[in-house]
Amino acid sequence: MRVSRLTALLLLIVPASALGKQSLAITSPTGFPAGGHPSYTTNIGLDTSAGTPSTVTIKLAPGALAAPSANPSCVKTTQHTPSCEIGTGSVATALPGLGLTVTAYLAPPPNPADVVGIDVVPVTGTPVTHAGAKLAQNAAGNVQTVLSLSLSGLGPLASMVTGMKLTINGTLDGKPFNRMPTNCSPGQSQLTVAYSQKTETVAASPDFAPTGCSALPYAPKISGTAQHTKSGAGTVATTVTQAVGQAASAKTALTLPTGAVLPNISSIKLLNKPTPVGSVVSASPLLPAPLKGKIYLVGTLQKPFLLFKFPPPAVLKLTGQVNLSTNTVTIPVVPDVPLTQLKVTFPGGPNGLLQVACPSKPVTMSGNFTAQSGKTAAATHRLTVTGCTG
């Protein structure tokens, strides 16, 4: 009974092989096509000389993600069926001849910080272990999938585990589930284990090795509207869209026409205050529903920034550098996450961020973008201004 529970818990982490030295290896028989969804196998080896493991954490390479949108029903109600199965694996122990096999299923998130849940079911039919997976933003601003597991409740049984192995399916319910980075130098996956005698961290070897990044299409498009009001600031909305299958952006810059849109001096009173100056909606093919966040004005009068903040379960921050002389907002670091839409809205009112004028001739907004692969793209769009008379 306890051994089956151990199997379930360990599988969450994503798996391994040898006695002794701690290790993490990630392999795929078909390679790792950029932006693709191959099946891959992870192996974990534990350092049996460091004492009993208590906490195990795996951070996958930035951009190595999964798509719960492949079957949204799995994250709403518990279903241990083939349509929610995400992988199978095994756990190696120090007990001779003991091979433990488990199946992992996508499940409802057990905690508010989790994007999805994972149910690990031993083939013996003994109790199921519930766990969660979350997204975390690293120091460089990129997004990683983080799996963390505490083994403290296992007692002496934890000391018997020597390694784990799990193969993650490339598809879920017939739809793409895995998502590979679109940056061919994404950064390392890491395994951290806290043992009774010390804590060890190792990088994966081999690791995710995306190929074909420069071959991915990249063509963001922009659109926008602005509403003039006789008093106070106007409402401005901009939208950046991309087709599914394109490379993700690494940097984006949007320039509004000075003939129609200018900063509202009254909004200065919201600088570094907890009152948002706008809202942001981000849609991804990986998620069943769009992420909704708030925008805040921070920095100084000479050097203002726009801070984009998304709440749990995907706690993310983006910083937009404001250039008042060119009327441009640049986000220099964008995570390697596929987006089909990024809509930003600045509402009007006395303290609204932007003043909207009535231009005497058509005005154009423009965008300049850089992909995770290094490709660049530009887009323009005639800004639609409403609320003007004559």
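Biologist: Why is Ile265 called exposed?

Modeller: Its relative accessible area is 67%. Exposed means over 50%, buried under 20%, and partly exposed in between, with a 1.4 Å probe and protein chains only. The value for Ile265 is over 50%, so the label is exposed.

Biologist: What kind of model and numbering are behind that?

Modeller: The model is predicted: local features need pLDDT of at least 70 and side-chain atom pairs 80 or more, while totals for chains, interfaces and linings use all residues. Residues are numbered from 1 along each chain as its sequence is written, and side-chain values use heavy atoms, without hydrogens and water.

Biologist: Where does Ile265 lie?

Modeller: In the loop between strand 21 (261–263) and strand 22 (278–283). Strands are DSSP runs of E with at least two residues, helices runs of H or I with at least four, and both are numbered from the N terminus.

Biologist: What makes Ile265, Ile268 and Leu301 a patch?

Modeller: Patch members need over 30% relative accessible area and no salt bridge; like charges are joined within 9 Å, and nonpolar side chains (Val, Leu, Ile, Met, Phe, Trp, Tyr) within 5 Å. A salt bridge is a side-chain nitrogen of Lys or Arg within 4 Å of a carboxyl oxygen of Asp or Glu. Ile265, Ile268 and Leu301 form such a nonpolar patch on the surface, with about 300 Å² accessible together. Areas come from the Shrake-Rupley method with a 1.4 Å probe, and for residues only the protein chains shown count as cover.

Biologist: How much of the chain counts as buried?

Modeller: 48% of its 390 residues. The C-alpha atoms fill a box of roughly 85 × 40 × 35 Å along the principal axes.

Biologist: How many cavities are there, and what makes a space a cavity?

Modeller: Three, counting those of 30 Å³ or more. On a 1 Å grid over the protein atoms alone, a cavity is a set of points where a 1.4 Å probe fits but cannot get out; lining residues have an atom within 4 Å of a point. Points join across faces, edges and corners, and the volume is the space filled by probe spheres set on them.

Biologist: What volume and lining does the largest cavity have?

Modeller: The volume is about 670 Å³. It has 40 lining residues, with Leu65, Ala66, Pro68, Leu135 and Thr145 nearest the centre. By class they are 34 nonpolar, five polar and one charged. Here Ala, Val, Leu, Ile, Met, Phe, Trp, Tyr, Cys and Pro count as nonpolar, Asp, Glu, Lys and Arg as charged, and the others, Gly among them, as polar.

Biologist: And the second largest cavity?

Modeller: Its volume is about 150 Å³. It has 16 lining residues, and Val240, Gln242, Ser249, Leu339 and Leu342 are the closest to its centre. The lining has ten nonpolar, six polar and no charged residues.

Biologist: What makes a space a pocket instead?

Modeller: A pocket is an open set, with protein on both sides within 12 Å along at least five of seven lines. The largest pocket has about 580 Å³. Of its 30 lining residues, Leu306, Val322, Val329, Phe346 and Leu353 are the closest to its centre. The lining has 22 nonpolar, eight polar and no charged residues.

Biologist: Which residues are closest to the centre of the second largest pocket?

Modeller: This pocket has about 320 Å³. Of its 19 lining residues, Gly35, Arg179, Val244, Pro285 and Leu286 are the closest to its centre. Nine of the lining residues are nonpolar, eight polar and two charged.

Biologist: How do you know that Arg179 forms a salt bridge with Asp336?

Modeller: Their closest N and O atoms are 2.9 Å apart, so the pair meets the distance limit. Arg179 lies in strand 14 and Asp336 in the loop between strand 26 and strand 27, so the pair ties together parts 157 residues apart in sequence. Arg179, at 5% relative accessibility, is buried. Asp336, at 1%, is buried too.

Biologist: What distance separates Glu200 and Lys198 in their salt bridge?

Modeller: 3.5 Å, N to O. Glu200 has a relative accessible area of 15% and is buried. Lys198, at 43%, is partly exposed. The total is two salt bridges.
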